[in-house]
Amino acid sequence: MSTTETGSIPAVAAENAAPQRADGIDPRGMRVIWLLLVAAFVAILNETTMGIAIPHLNTDLGLPPELGQWMTSAFMLTMAVVIPTTGFMLVRFTTRQVFLAAMISFTLGTLICLVAPGFTMLLVGRVVQAAGTGVMMPLLMTTIMNVVPARSRGRMMGRVGLVISLAPAIGPTLSGAVLETLSWRWLFGIVLPIAIIALAVGAKWMLNLGETTHAPIDVLSIVLSALAFGGIVFGLSQFGGHGEGAAGSAAMGWTIMAVGVVGLALFVWRQLVLQKKDDALLDMRVFRSGNFVISVVIMAVVAFSMFGTFSLLPLYLQDVVGLDSLQAGLVLLPGSLLMGILGPVMGRIYDARGPRTLLLPGTILIAVAMFVYASLGEHTPLPLLIVVQTGMSLGLAASFTPLFSASLGSLERRFYSHGSAALNTLQQVAGATGTALLIAIYSSALHAGEQQGLSAAVAGLPGARSAFLIAAIIATATVVLALFVRKPADQEPGFHGGH
């Protein structure tokens, strides 16, 4: 049976406590949250700059496209392996230890990428980066749950929504601007000093929050987790190819996914055994909360729609509508910026009115936008595309904050870290599923049409419509589920802080 001790200085008595802000948040905890928000923003910004840069990397390093794609595939695969372990890490090690380890990993990976002489070292750098990035969002969410009073969590989670919305909006635009005038190395050269500053500030100001345990590290659980989530995500990445190797890639994808599913079953079994001693890598008791389960299912569907659409839409805009990469990015930019700006606003509404006021219209907007996309053609006016994408982004903004807050707020305090790990893991897998499925449907129709002599615009349109229609039908389920999400009973956090 594992024993528990405080992570650092125990919570002080009320009369000696640090002065509280008007929202009830300890100023020391708020400082930690801001530091984590900045670190998460930098990590996600880096993640989203690489997609546009891959063609430049392929040219500069003389790589075939399927090899260059590993710059994003390896990153996503590493994230899928790391995130499930964060539930254990955040209770086994102190907040300060986890943050510094993650930022050192991210900073070191960025440096390796900056000076990499070739593909192999660049790939190593991306893996090291991803190992740090995968920790940031679970660490941020768990810290908010432990530090922020229940009445103010929506507003704080709204800031998390701002980070995960604004960074992907800025990333591709920043990447495109840099690549127009500078080398791809500057994508890492710009991020590196920001990462170093965040690491230095964190080394000085990061506090230890919450409690730690002496639970032993179960190596078998780590292996099964990597096999399960890594296998599923990597298997999904094999779909959507074309040409002579498409059938082989699809067969490999199904095989790897089957291995991943078996690994997942064994991983769950292992956690059920270990959680009886409170030693689980990812405690399955988080799924005993019906509110948590419903919220996570909705989040997974939303992630499926968002990542799938954000991956497919640029292809549709360039192949079918005929826009260049800059124009395609500008279609996505207004909605993404709006989604980020509205994050804190949505948080205030959640705190005052609960989740259904936001979730119901939010999920409706997402489903309607997907159905509209399913009816578009090659001559669809550009302003309409911007309006539809902005409407979908508004729906996403109205969904993220209540889902983050209601899901984790439904758990006992000791399960916050495991709930955050489960939420982020399923979000990652759902996003990979959405990307793989929508791109596979689109690519299949596009290349079948091209083999018949059709232009890309004519060949790609049926595939895009079919992909968006499937996503729309799946998204419709969230409208019904949104009716069952409730605001959890208030659970006020305690603060444990120290240097």
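Analyst: Helices here are DSSP runs of H or I with at least four residues, numbered from the N terminus. In this predicted model, Thr401 has its place in helix H14, which covers residues 382–409. Helix H14 has 28 residues and reaches 41 Å from its first C-alpha to its last, close to the 40 Å expected at 1.5 Å a residue. Because 21 of the 28 residues of H14 are buried, the helix is largely enclosed by the rest of the structure.

Thr401 itself counts as buried because its relative accessibility is 1%, and the cut-off for that class is under 20%. Leaving out residues up to four places away in sequence, Thr401 touches Gly154, Met157 and Gly158, and also Gly343, Met346, Gly347 and Tyr350. Of these partners, Gly154, Met157 and Gly158 fall within the range of helix H7, residues 153–181.

The protein chain contains 16 helices and two strands, and of its 499 residues 56% count as buried. Among contacts between residues at least 6 apart in sequence, 84% join residues at least 24 apart. The chain exposes about 19,600 Å², of which carbon and sulfur atoms supply 69%.

Ala303, in helix H11 (residues 290–319), counts as buried because its relative accessibility is 1%. The C-alpha atoms of Ala303 and Gly431 are separated by 5.1 Å although the two residues are 128 residues apart along the chain, and Ala303 is in contact with Gly308, Gln427, Ala430 and Gly431 once neighbours within four places are left aside. Ala228, in helix H9 (residues 219–237), is buried with a relative accessible area of 0%. Ala228 and Val261 are 33 residues apart in sequence and 6.1 Å apart in space, C-alpha to C-alpha, and the contacts of Ala228 beyond four places in sequence are Gly260, Gly263 and Leu264.

Loop positions complete the picture. Leu182, in the loop between helix H7 (153–181) and helix H8 (185–205), counts as partly exposed because its relative accessibility is 40%. Together with Trp186, Ile190 and Ile194, Leu182 makes a nonpolar surface patch of about 350 Å². Since an α-helix has 3.6 residues a turn, residues three or four places apart point the same way. Asp278 lies in the loop between helix H10 (246–274) and H11, and at 30% relative accessibility it counts as partly exposed. Asp278 has a positive phi of about 60 degrees although it is not a glycine. Most residues other than glycine have a negative phi.

Technical notes. Residues are numbered from 1 along each chain as its sequence is written. This is a predicted model: local features need pLDDT of at least 70, side-chain atom pairs count only at pLDDT 80 or more; totals for chains, interfaces and linings use all residues. Side-chain values use heavy atoms; hydrogens and water are left out. Patches are made of residues with over 30% relative accessible area and no salt bridge: like charges are joined within 9 Å, nonpolar side chains (Val, Leu, Ile, Met, Phe, Trp, Tyr) within 5 Å. Accessible areas come from the Shrake-Rupley method with a 1.4 Å probe; for residues, only the protein chains shown count as cover. A salt bridge is a side-chain nitrogen of Lys or Arg within 4 Å of a carboxyl oxygen of Asp or Glu. Buried means under 20% relative accessible area, exposed over 50%, partly exposed in between (1.4 Å probe, protein chains only). Contact means heavy atoms within 4.5 Å. The expected span of a helix is 1.5 Å times one less than its number of residues.
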